[in-house]
Amino acid sequence: MSVIGLDLEQLPLNWALLQLVTAGEVARPQAPPSSLAPHEQQAYLSAIRCIEELALFLKPLPPGGGSGGGAGGPSVLSRSMQRKLVTIVTCQLLEPEGRSRALRACRSLGERTVTELILHHQNPAQLSANLWAAVRARGCQFLGPAMQEEVLRLVLLALEEGYALSRKVLVMFVVQRLEPHFPQASKTSIGHVVQLLYRASCFKDGVARLKTAVLRPEYGPSPAVGEFVRPR
């Protein structure tokens, strides 16, 4: 929390807040505070006017209007934008730190405004399509539950006798066995599953560093079900 260096008597009233709690027009002095340098006074007045206009969006709408949920009634703004706008309104522009906070809050409010505008004009189906397009652009592939279960079964089959296989050989083994039933299987997607098994410490540490897959004993096959078992 920053410390205000000016005397409280020198600080102007926050007219942006006052207009939210008064019924009529708020008469305020037109002259800027005398503590400002001459070249700062016009910029200060312009900034104050802009903030006062923005603050009006915090006023609750008449019954039946708006879709937000402000404390005093519905609002045209979302709660996130209301919080950012309150931050701007409460900044003290006479202080350098207050001006810096106001600039950061304005930038955050602008970014949120653009985000909500995009979301308002895009339907969920389009957003989902864009997300998957971004995932595919990064070369990521995901498996369905049935395919993933079959991949784990084949990994277990390849390593159940304690054989040490390289990652490349293990991936190719799984892909070749999967292709007749899952044509979409690829070395990339299967390689992601094998990488997850490495990160989950399913393989012995010494050989894992050598890019060789050997199952740890606690992840060996269960005689009853032939699946990966949890560590004992």
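Trainee: At what angle do helix 7 and helix 8 pack, and how far apart are their axes?

Mentor: Axes are lines fitted to C-alpha atoms, for helices over the stretch in contact, and angles run from 0 to 180 degrees between N-to-C directions. Helices (H or I, at least four residues) and strands (E, at least two) are DSSP runs, numbered from the N terminus. Here helix 7 (residues 167–178) packs on helix 8 (residues 187–199) at about 125°, with the axes 9 Å apart. This is a predicted model: local features need pLDDT of at least 70, side-chain atom pairs count only at pLDDT 80 or more, and totals for chains, interfaces and linings use all residues. Residues are numbered from 1 along each chain as its sequence is written, and side-chain values use heavy atoms, with hydrogens and water left out.

Trainee: Are helix 7 and helix 8 parallel or oblique to each other?

Mentor: Angles under 35 degrees count as roughly parallel, over 145 as roughly antiparallel, 65 to 115 as roughly perpendicular and the rest as oblique. Helix 7 and helix 8 are therefore oblique.

Trainee: Is the crossing of helix 7 and helix 8 left-handed or right-handed?

Mentor: A crossing is left-handed if the near helix is turned anticlockwise from the far one by less than a right angle, and right-handed if clockwise. Helix 7 passes helix 8 in a right-handed crossing.

Trainee: Which residues of helix 7 and helix 8 meet?

Mentor: Contact means heavy atoms within 4.5 Å. From helix 7 come Arg 167, Leu 170, Val 171, Met 172, Val 174, Val 175 and Leu 178; helix 8 brings Lys 187, Ile 190, Gly 191, Val 194, Gln 195 and Tyr 198. Nine of the contact residues are nonpolar, two polar and two charged. Ala, Val, Leu, Ile, Met, Phe, Trp, Tyr, Cys and Pro count as nonpolar, Asp, Glu, Lys and Arg as charged, and the others, Gly among them, as polar.

Trainee: How do helix 6 and helix 7 cross?

Mentor: The axes of helix 6 (residues 145–159) and helix 7 come within 10 Å and cross at roughly 125°. That makes helix 6 oblique to helix 7. Their crossing is right-handed. By class, this contact has eleven nonpolar, no polar and two charged residues.

Trainee: Which residues of helix 6 are buried, and what covers them?

Mentor: Buried means under 20% relative accessible area, exposed over 50%, partly exposed in between (1.4 Å probe, protein chains only). In helix 6 the buried residues are Met 147, Val 151, Leu 154, Val 155, Leu 156, Ala 158 and Leu 159. Their cover includes strand 1 (165–166), helix 7, helix 8 and strand 2 (212–213).

Trainee: What span should helix 4 have?

Mentor: The expected span of a helix is 1.5 Å times one less than its number of residues. Helix 4 (residues 96–121) has 26 residues and should span 38 Å; its end C-alpha atoms are 38 Å apart, which agrees. Gly 98, Ala 102, Ala 105 and Leu 109 are its buried residues. They pack against helix 3 (79–89).

Trainee: Is Val 89 buried or exposed?

Mentor: Val 89 lies in helix 3. At 3% relative accessibility, Val 89 counts as buried. Val 89 and Ala 102 are 13 residues apart in sequence and 8.2 Å apart in space, C-alpha to C-alpha.

Trainee: How many helices and strands does the protein chain have?

Mentor: The protein chain has nine helices and two strands. Buried residues make up 28% of its 232 residues.
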